[in-house]
Amino acid sequence: MRSAYKCALAKVIKYLIRYFYPLAKPLYKIYEMVLWSQIYNGPIPKHVAIIPDGNRRWAQTYGLDPREGHSAGYEKLKEVLNWLWELGVKVVTIYAMSYENCIKRPREEREHLFQLLRKAIEELKGEVDKKKIKVKFIGRESLIPKDVQVMMRELEEYSSKYNERYLNIAVCYGGRQEIVDAVKKLVRDVEEGKISEGDVNEELFKKYLSISHLVNNGLEEPDLVIRTSGELRISNFLLWQIAYSELYFCDVYWPDFRKIDLWRAIRSYQRRERRFGG
């Protein structure tokens, strides 16, 4: 009974989108222009981090397989990245797959996600040259298929010559796991005499974290974190780096994320007074 209800609801939603969205499109464009007029002169965050949540629930809403939700989410990600680059954002960090995703999701779903990652790496090659993007992958490599690891390293090496924009992709990543790994590296360096215990402070510790390549230019901490799907939590994402980030939660599922949703997030960011703990 519940399944029949979901199918009927999905048909109604599809009908409404198909027949009423074209009528609303002119109003949408007007609203888009109004939003743009409100943000274009304001400060643009240098580093935006995104938790693109809701792919599975989006698929469920439309009576689709979860894998179709992930595929739709990937297509949306490409679109949103272009919006961010156009705004002048310097660094984007994407929570592509969490540590928990990589150990708890069904095998078939994980394989589909890794296949999307293979596709993304291939497609990124052209974008890297076009937009001069340095790409960095962060997360537990041991949970990633060997061939994908090779593709990741090759893309990182190829893109290392650029520094106009930065794209960090978190795969099998967890904030707690990152901090534990950083502590292990630091302890090892103390034991080997590379640093002394007295050298250890926040500035040094940053250099042991996943996006340490951004420390020297002060871009390692996101200015703005956006999470979709209405969930009000950070889910083990960049626990150290987002201590003073502005958080923005959006009700829409990730595949339905629109330019106006991004610009609302930017508007919210611009209206806040950043205190950095003060």
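Here are some numbered notes on the bonds, ring pairs and charged contacts in this structure.

1. **Before you start.** This is a predicted model, where local features need pLDDT of at least 70, side-chain atom pairs count only at pLDDT 80 or more, and totals for chains, interfaces and linings use all residues. Residues are numbered from 1 along each chain as its sequence is written, and side-chain values use heavy atoms, with hydrogens and water left out.

2. **The disulfide.** How many disulfides does the structure hold? There is one, where a disulfide is a pair of cysteine sulfur atoms within 2.5 Å. Cysteine 102 and cysteine 172 form the bond, with their sulfur atoms 2.0 Å apart. The torsion about the S-S bond of cysteine 102 and cysteine 172 is about -85°, so this disulfide is left-handed. It links distant parts of the chain: cysteine 102 is in helix H4 (residues 99–104), while cysteine 172 is in the loop between strand E4 (165–170) and helix H7 (175–191), 70 residues apart. Helices (H or I, at least four residues) and strands (E, at least two) are DSSP runs, numbered from the N terminus.

3. **Cysteines and burial.** Cysteine 102 and cysteine 172 are both buried. Buried means under 20% relative accessible area, exposed means over 50%, and partly exposed is in between (1.4 Å probe, protein chains only). Cysteine 250 has 7% relative accessibility, so it counts as buried.

4. **A stacked ring pair.** A search of the whole structure turns up eight aromatic pairs. Rings of Phe, Tyr and Trp (its six-membered ring) pair if their centres lie within 6.5 Å; planes under 30 degrees apart count as stacked, over 60 as edge-to-face and the rest as tilted. One of the pairs is tyrosine 95 with phenylalanine 237, stacked at 4.4 Å centre to centre with 15° between the planes. Tyrosine 95 lies in strand E2 (residues 91–95) and phenylalanine 237 in the loop between strand E5 (224–227) and strand E6 (246–249), so the pair ties together parts 142 residues apart in sequence. Tyrosine 95 is buried, with a relative accessible area of 7%, and phenylalanine 237 is buried too, at 0%.

5. **A tilted ring pair.** Phenylalanine 205 and tryptophan 240 make a tilted pair, 4.8 Å centre to centre with 50° between the planes. Here phenylalanine 205 sits in helix H8 (residues 202–206) and tryptophan 240 in the loop between E5 and E6, 35 residues apart.

6. Trp36, Tyr40 and Trp263 form one aromatic cluster. Elsewhere, the charged end of lysine 161 sits over the ring of tyrosine 158, 4.2 Å from its centre. That label is used if NZ of Lys or CZ of Arg is within 6 Å of the ring centre and within 35 degrees of the ring normal.

7. **Backbone angles to look up.** Most residues other than glycine have a negative phi. Lysine 132 has a positive phi near 55°, and its place is in the loop between helix H5 (107–131) and strand E3 (133–138). Lysine 132 is partly exposed, with a relative accessible area of 38%. Asparagine 236 has a positive phi of about 65°; this residue is found in the loop between E5 and E6 and is buried, at 13%.

8. **Salt bridges.** A salt bridge is a side-chain nitrogen of Lys or Arg within 4 Å of a carboxyl oxygen of Asp or Glu, and the count comes to 31. Aspartate 53 and arginine 227 meet in one of them (2.9 Å, N to O). Aspartate 53 lies in the loop between strand E1 (47–51) and helix H2 (55–61) and arginine 227 in strand E5, so this pair ties together parts 174 residues apart in sequence. Both aspartate 53 and arginine 227 are buried.

9. **Another bridge, and a network.** Arginine 274 and aspartate 223 also meet in a salt bridge (2.9 Å, N to O). Arginine 274 is in the segment after helix H9 (259–270) and aspartate 223 in the loop between H8 and E5, 51 residues apart. Salt bridges that share partners join Asp53, Arg57, Arg227, Glu231 and Arg233 into one network.
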